[in-house]
Amino acid sequence: MARKHATDVALDAHLAQLLERIGEVARALRWQQATDAGLSPLQIRILGFVAEHAGEAVGVARLADEFQVSRPTVSDSVALLVERSLLLRKPDPHDGRSHALRLSAEGRRVLPTGGPFTESLATLPLHERESLLLGLMRLLEALLSRGDVQVQRMCWTCAHYNGDRRGRHRCLLLRKDLAVAELRTDCPEHEAT
Ligand code: SF4
């Protein structure tokens, strides 16, 4: 038993090391993309988030929660993106006192598409990519329950999820079975359990 425990510890340490290395690669790529566009990494993330949430009321408060940085920091970054006409500030249709951000055509142009991660993942067979996704979702959920991640709108933590988290997934709200690729980690309909 003691030997198995040591193997488990070594496996966990190796996995943690790999995840850190992949995180470093992701950060380095974002720096490169940001530098190429004359922006900061945070500004590139903001553009990406606004693009992925078109039709939703995304403002400074939501971005600050999402990226776990202060509102003044986000506000400064957003102001520069608006000044450069990469983001547009529109009145929020749900709240007359607030503004929602929209991506401009120019903002869409500077936003990186694809990239080394997407291309590298495409070399893995489907079942490996699905196992990876399920494993990472479980890891994210564990980090969430420890309080290490603040915002997560994933199926695992949603009141509408019904399934076994392995091979059977159903969204009660959408009234449909979900393939692994359809599981969400940032769902606008998410309702916390
Ligand atoms: S509402 Fe969204 S997060 Fe919740 S189970 Fe359905 S797809 Fe998943």
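# Briefing: helices, sheet and ligand shell of a predicted model

V74, S77, V78 and L81 are the buried residues of helix α4. Buried here means 20 or more other C-beta atoms within 10 Å of the residue's own, exposed means 12 or fewer, and partly exposed lies in between, with C-beta atoms placed from the backbone. The four cover an arc of only 100° around the axis, which puts them on the same side of α4; the arc is that of the directions from the helix axis to the C-beta atoms. This is a predicted model, in which local features need pLDDT of at least 70 and side-chain atom pairs count only at pLDDT 80 or more, while totals for chains, interfaces and linings use all residues. Residues are numbered from 1 along each chain as its sequence is written.

**Overall layout**

- The chain contains seven helices and five strands; these are DSSP runs numbered from the N terminus, with helices being H or I of at least four residues and strands E of at least two.
- In sequence order the elements run α-α-α-α-β-β-α-α-α-β-β-β.
- A box of roughly 60 × 40 × 30 Å, taken along the principal axes, is filled by the C-alpha atoms of the chain.
- The chain has 193 residues, of which 15% count as buried.
- Residues at least 24 apart account for 46% of the chain's contacts between residues at least 6 apart in sequence; a contact requires C-beta atoms, placed from the backbone, within 7 Å.

**Helix α4 and its flanks**

- α4 covers residues 71-83, and its 13 residues reach 18 Å from first C-alpha to last, close to the 18 Å expected at 1.5 Å a residue; the expected span is 1.5 Å times one less than the number of residues.
- P72 and E83 are exposed residues on the face of α4 turned away from its buried side.
- Q68 is exposed because it has 9 other C-beta atoms within 10 Å.
- After α4 comes S85, also with a positive phi, near 65°.

**Helix α2**

- α2 spans residues 41-52; its 12 residues should span 16 Å at 1.5 Å a residue, and its end C-alpha atoms are 17 Å apart, which agrees.
- Q43, I44, I46, L47 and V50 are the buried residues of α2.
- These buried residues fall within an arc of 160° when seen down the axis of α2, so they line one face of the helix.
- An α-helix has 3.6 residues a turn, so residues three or four places apart point the same way.

**Helix α5**

- R109 sits in helix α5 (residues 105-110).
- With 10 other C-beta atoms within 10 Å, R109 is exposed.
- R109 and L86 are 23 residues apart along the chain, and their C-alpha atoms are separated by 8.9 Å.

**The three-stranded sheet**

- Three strands form an open sheet in the order β3-β4-β5, with antiparallel pairing; two strands pair if DSSP finds at least two bridges between them.
- Its edge strands are β3 (161-163) and β5 (176-177), each pairing on one side only.
- β3 pairs with β4 (residues 169-171) in the antiparallel sense over three bridges.
- Y161 has C171 of β4 as its bridge partner.
- The loop between β3 and β4 contains R166, which is exposed with 10 other C-beta atoms within 10 Å.
- The loop between β4 and β5 contains R175, a residue other than glycine with a positive phi near 55°.
- R175 is exposed, having 8 other C-beta atoms within 10 Å.

- Around the ligand are C155, C158, H160, Y161, C171, L173, L174, R184, C187, E189 and H190; the criterion is a C-beta atom, placed from the backbone, within 6 Å of the molecule.
- This shell divides into seven nonpolar, two polar and two charged residues (Ala, Val, Leu, Ile, Met, Phe, Trp, Tyr, Cys and Pro count as nonpolar, Asp, Glu, Lys and Arg as charged, and the others, Gly among them, as polar).
- Y161 and C171 of the shell are also bridge partners in the sheet.
- P188 belongs to the segment after β5 and is exposed, with 9 other C-beta atoms within 10 Å.
- P188 and R153 are 7.5 Å apart, C-alpha to C-alpha, and 35 residues apart in sequence.

Technical notes: Two residues are in contact if their C-beta atoms, placed from the backbone, lie within 7 Å.
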